[in-house]
Amino acid sequence: MRYLILSILALAGAVESFGQRFQTAPIRKHIEFLASDDLEGRGTASLGEVRAANYIASAFKEIGLKPAGTKGYFQPFEVSFAIDGEAHDLTGRNVVGFLDNGAPKTIVIGAHYDHLGKGFQGSSLSPDSKNKIHNGADDNASGTTGVLELARYFAGNNVKEKHNYLFITFSGEELGLLGSKHYAEKPTLPLNTFSAMINMDMIGRLDAQKGIIVSGWGTSKVWGKLIPDLAKRQNLKYTVDSSGVGASDHTSFYLKNIPVVQFFTGGHGDYHKVSDDPDKINYEGEASILTLISELLEGLDKETAEPEFLTAGNPHSGTTTSNFKVTLGVMPDYSYTGKGLKIDGVSKARPAEKAGILAGDIITKLGGEPIGTIYDYMEILGKHEKGQTVEAELQRGSETKVVKVTF
Ligand SMILES: [Zn+2]
């Protein structure tokens, strides 16, 4: 009997792989192009990034998406950042394509496509990173590929879903979520027609033992209703993080009261280093994650109501994306270059909010230790335990304040 079951399973497996929705060949093709040295690491506003934008726009066109930027598929925006200490104004561009099913509501499917370029912008962790190409295969050619392949699937499945889909690849993420912030401020479709946003940031390094990390779990009950069964079908382990505020573009939509969910295969030793290359991608793993996401979109279509938005104030469940035992529940402003940790957003009912810390505050000291950069902050967090109370010194405008924070 056991043998019979095994052979049926083997047969089912074989049939399944023939009928796979997502093939590894196109996934590999996109990632190998986007993360090739030719694109020089897709630094925001660089020529390499423009070439990546052209590649994405021509794929959107070939798939049959409608242009939904402000200049065709592109939504240019001005970015200011320092190169070798000098501030410059440059132009980044989001790439936006619309699959119009004539529905009243739209689901946004996004990923950032910029990376660290040649180490002159963003936060390389490689020693001597200047003038070295950071290919960013996992971060985030993998997520960009997810957008392209999901667009191809939904445009080509001969089904008119009950939602429209807006596919966006964002620029400027590595400089502080700039592209998604710009889109959320200047949306090309009304924000109140968006029923949810699905983000993919680093989905290329699936380790079957560790599984995937799903963030934004607490921003709508629908994620907890649909995802567990779909993950089981793909044999994917997962851990969840309830917060809608995190270090990627879903945050910009969450802060506009839109339910968000983001997929991530976890950190690794090549993160933000020149060694984040296509040969280390788990292509089969990415295909199974994309199958899960496509089935999630189909599941949302079968729901009788649109996902209800919740402020994700409930405590993080499962493991979080960081290695710390404690966090403040803040979203750092990654574009801030001054001293201290500037806060861009505060999660509901987490230690920072309870202590009265606000967006715009700059934390200069925590637990008696000065914070120069975000790395000091991370180091200090690693030294504390849950339940501990420490003092935080912060700058609010011209005022210096001291508050008590309980982790
Ligand atoms: Zn990323």
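Eleven residues of domain 1 touch six residues of domain 2, where contact means heavy atoms within 4.5 Å. The model is predicted, so local features need pLDDT of at least 70 and side-chain atom pairs count only at pLDDT 80 or more, while totals for chains, interfaces and linings use all residues. Residues are numbered from 1 along each chain as its sequence is written, and side-chain values use heavy atoms, leaving out hydrogens and water.

**Domains and their interface**

- Domain 1 covers 20–302 and domain 2 covers 330–406; the bounds come from an automatic or database domain assignment.
- The centres of the two domains, taken over C-alpha atoms, lie 29 Å apart.
- Between them, domain 1 and domain 2 bury about 740 Å², with 63% of it on carbon and sulfur atoms. Buried area is the accessible area (1.4 Å probe) that two parts lose on being put together, summed over both.
- Lys181, Val245 and Ala247 supply 39% of the area that domain 1 buries against domain 2, more than any other three residues.

**Salt bridge**

- The rule finds one salt bridge across the interface of domain 1 and domain 2, defined as a side-chain nitrogen of Lys or Arg within 4 Å of a carboxyl oxygen of Asp or Glu.
- Lysine 181 forms a salt bridge with aspartate 344, and their closest N and O atoms are 2.8 Å apart.

**Helix H8**

- H8 spans residues 283–302; helices are DSSP runs (H or I, at least four residues) numbered from the N terminus.
- Of the 20 residues in H8, 17 are buried, meaning under 20% relative accessible area (1.4 Å probe, protein chains only).

Conventions
Helix = DSSP H or I, 4+ residues; strand = E, 2+ residues; numbered from the N terminus. Expected span 1.5 Å × (residues − 1). Buried < 20%, exposed > 50% of the residue type's maximum accessible area, 1.4 Å probe, protein only.
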